Structure formats: C-alpha cells, structure tokens
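User: Hi, I'm new to this one. Could you walk me through it with a few questions and answers?

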Amino acid sequence: MSKSGASSGAHHAVLAGFLGWTLDAFDFFVVVFLFDVLARQFNVPKKDIVLTTTATLAMRPVGAFLFGLLADRYGRRVPMMANLIYFSLIEVLCGFSPNYNFFFVMRALFGIGMGGQWGVGTSLAMEAAPVRWRGVLSGILQSGYSNGYLLAAVAARFLLPAWGWRAMFWVGALPALLALYIRFKVPESEAWKQHRVDSTGQVLRVVAKEWKRFAYLVVLMTFMMFLSHGTQDLYPDFLQEVHKVSAAMRANITIIANIGAVIGGIIFGHLSQVSGRRIGMMAAMSLSLCVIPLWAFGGSIPVVILGAFLMQAGVQGAWGVIPVHLNELAADAARSLMPGLAYQLGNLLASPNNSIQYALRGKVGYPWAIGGFAIVTIGTLAILLLCGKEEHSRSFVRSEAVKSEAG
Amino acid sequence: MRRNDLRMRMVVAGAMGLALTCAALDIAGKASPAGDTEKYDVAIARGRAARAPIS
C-alpha cells in the first residue's frame, strides 16, 4: 500500500471497474440496437422486444442486493468475477434463444447481473484508487455506460450486417475474460479486509442502522435518473418532431452528446476533487441549466447540437461524481450494497420518466415539456444536495493503518 | 511523475480514446440507425421507459 492508501494494483482495479460497467452496458444496449431484427426473428410486435428492457430494469435491484451483499461479506474480487461470468453466460444464451419466451426470461436474468455490477465494480475501484484521483476516476467509471452504448453502436454497424444478430450476443461473452484479468491482476480491497463482517446478517444490520442515509441516497438517485433519462430518452423524438431531423442525424447527435458526456464526467469529476463533491455536481448541473435555451429552444440544428453536447457534458458531469460520492457516504461494512442498491432502486423509481414527459408534451408543448422538466429536476437536486452531506476524500482504511504506511 | 500517477493517466486516456474511437467509427459508418432512433417511438407508444445512454 502507498501513502495514499492505494494498493500497488490500483490501476488494475480501476480498469476492471471501468471495463466491467462498460461491457455490462454494452450487453444491455445490444438489445436496443436489435429491436427490429428480434421482432422479426421471434415474430412478435416490436413492443414485446421493448418489454424485455423493462424486465431487465425491474430485475436490476435484485442483482444489486444479491451481489452487493456477497461483495460486502466475501470481498470484492470473487463476487465481481462471478457477476462477470454470470452475465456473460446469460448473454451467450440470449444468442441461442429459440423463441421469444426464452429470450424474455434470459433478459430478466441478465438484469440480475447488470444490477450487481455497478455496486461491486465501483467499490472495488474506489477503494483501490489513490484518494486524489478519486474524482476523475469516478467520472471515468461512470462514463463506462456511455462507452458501452458507443461500443454497441459500433457492433450494430459492423458486426450485425456481417455475422447476424446471434453473434451480437455471443460477443457479449467477452466480459468473462475480464474475470481472468481480475483473478490474476486485481488485488482484494484493503478497505474491505479491514471492515469485513462475519455474516450477511451483519451487513444488513449495518444498512438498517444507516436507513436514513440509505433513504436519502435512494431519493437522490431517483432524481439523478430523472436528470439523465429526462434529458436523453425522448430527445431523439423531440428532434424528429420539432426540428424534423433525419434518422441518421439523430443518431449522430446522440453520439456527439455521448462524447460530451464522457468529457463532462472527467472534467467535473476532477472539479469535485478540488472543490467538493456537491459543488462539483452543482457546477455541472449549472452548465446544464444554462444551456437549456440552446438544447430545448434552439432555432437551428448547429445550435441544438451544441446544446445537446453541453447538456450531456453537464448531466454526465454531475453523474460522474456519483460513484465517489455514494462510496464516500456509504457505511464501511456495506460499501457495495448501499450504493449499488440505492442506484438501482432510484433507477426503478424513476422509470415513469418518459410517460410523465410525454404527458407534459401534450399540455405545454415539447420544448417546455423537456426544458421545464429539466429545470424542476435540477432545482430539486440542488435542494437535495444542499440538505445532504458529503464526506469528501475520507479514508476508506483505518487511520492507524494509513499512518503506519505513511511513517 | 510517480508510476501510480502515470498508470492512472493511462486509464483515463484509454477510456477517452475508446469513446472517441467508437464515436468516430459510428459517425463514419453507414449502417442501421435502428435502436437509438426507433426505440423511442416504441417506448412512447407504450408509455413506458426504454432505457437510454447514461446511468
């Protein structure tokens, strides 16, 4: 261990966390790019394929609970490897689906793996990272989701025409190789070793004791989900309806916005290290607030593209702080379970997002439906953050251990 | 520069490089825009959320 509390294999742990979340997102987004193909293959309406993403979403809290509990009881490495192998196997089985029912069940089971990945991966990475690198690396970790989306888009453009839809899922077996990498390169978390408890019951008691903080994290994550999904999900439809943008251009704007997201995550992650977690998040959301006139009310396509880029730079800038903020707020003995479960429950609670925005569209028009929704969401998040706490750069290992290493 | 810092910078650069490479390939490619466009129509029709890029 170094003075900073980081192990010598810290970069391996961070890389594993980033790649785990990236490949997890890739495996999820593969389906999104195959809606039409799968509907034809299984001879079902497209809405039934869309329903499989809802099944995945609904099962994510189950995975966060199971894998989070295991990671807090038995260490980060083994549950992380088990998670990677699990969702890789499910992804391969998706590629062998003989009918829709089988596929639906597989996607629901995939949700358990997907839900488990974030909590375990971020605790592994954040506990290993040098303290002064936490902010930036938090942004990098969270950008794994955008990276997964971009990777899936590449696969859809190049793999799908050449090898067909089944190969898209079989490529999803790659995360299993990451388990080997973890096996041989990633050290077990020192923080977990120091704070480990003797039973899963004890982990649950720790969470129960911290129930107020856990409830706060769930509410915070719910509104963070409203922020991200509220600025993304309906935006292509908004572009089509209001600006008459072509399908190809809409896809390109989504890609450009994702680049903004990755850059924003790194910049505001770093800012959170310098100025504090909540200030970093509020600065990022201030950027989003400022560009709403461009993003929702812009009069030309170049202005809208600039608005989309900056909007997602701000949104993902705030999101990029989330892994480190939640890990620092979590109880030491439940650092996989608390953040992971709060994240996935927030995701589930925010799932009516599209319905709400679409209903608003009918009442106030599309620009105000998405712009007004973003303003209210950002305002609520600012209040939540101001009322909340942060434990910026706190050590995850006991102080005497750090002192002895420093000495 | 300490070795650990250099390694962390490489991780950051790698993640950025991956994103930019994928984006360049996506924008240069001509194939199906399915998914990131059509999914929204379906999601709206059902009045339920199709999960999208971030989170």
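User: Which residues of helix 20 of chain A does helix 15 of chain A meet?

Analyst: This is a predicted model, where local features need pLDDT of at least 70, side-chain atom pairs count only at pLDDT 80 or more, and totals for chains, interfaces and linings use all residues. Residues are numbered from 1 along each chain as its sequence is written, with chains lettered from A and ligands numbered from 1 in the order in which they are written. Contact needs C-beta atoms, placed from the backbone, within 7 Å, and helices are DSSP runs (H or I, at least four residues) numbered from the N terminus. From helix 15 of chain A, Arg278(A), Met281(A), Met282(A), Met285(A), Ser288(A) and Leu289(A) meet Ala374(A), Ile375(A), Ile378(A), Leu381(A), Ala382(A) and Leu385(A).

User: How do the residues of that contact of helix 15 with helix 20 of chain A divide?

Analyst: Ala, Val, Leu, Ile, Met, Phe, Trp, Tyr, Cys and Pro count as nonpolar, Asp, Glu, Lys and Arg as charged, and the others, Gly among them, as polar. For helix 15 and helix 20 of chain A, that gives 10 nonpolar, one polar and one charged.

User: Are helix 15 and helix 20 of chain A roughly parallel or antiparallel?

Analyst: Their axes (lines fitted to C-alpha atoms over the stretch in contact, with angles from 0 to 180 degrees between N-to-C directions) come within 10 Å and cross at roughly 165°. Angles over 145 degrees count as roughly antiparallel. So helix 15 and helix 20 of chain A are roughly antiparallel.

User: What does helix 1 of chain B pack its buried residues against?

Analyst: Buried means 20 or more other C-beta atoms, placed from the backbone, within 10 Å of a residue's own; 12 or fewer is exposed, and in between is partly exposed. In helix 1 of chain B, the buried residues include Met8(B), Val11(B), Cys22(B) and Asp26(B). Their partners in chain A are helix 1 (10-32), helix 6 (134-142), helix 7 (144-163) and helix 14 (247-275).

User: How far apart are the end C-alpha atoms of helix 1 of chain B?

Analyst: The expected span is 1.5 Å times one less than the number of residues. For the 26 residues of helix 1 (residues 3-28) of chain B that should come to 38 Å, and the end C-alpha atoms agree with it at 37 Å.

User: Is Asn43(A) buried or exposed?

Analyst: Asn43(A) sits in the loop between helix 2 (35-42) and helix 3 (46-74) of chain A, and its phi is positive, near 55°. Because 9 other C-beta atoms lie within 10 Å, Asn43(A) is exposed.

Key. Helix = DSSP H or I, 4+ residues; strand = E, 2+ residues; numbered from the N terminus. Parallel < 35°, antiparallel > 145°, perpendicular 65-115°, else oblique. Contact = placed C-beta atoms within 7 Å.
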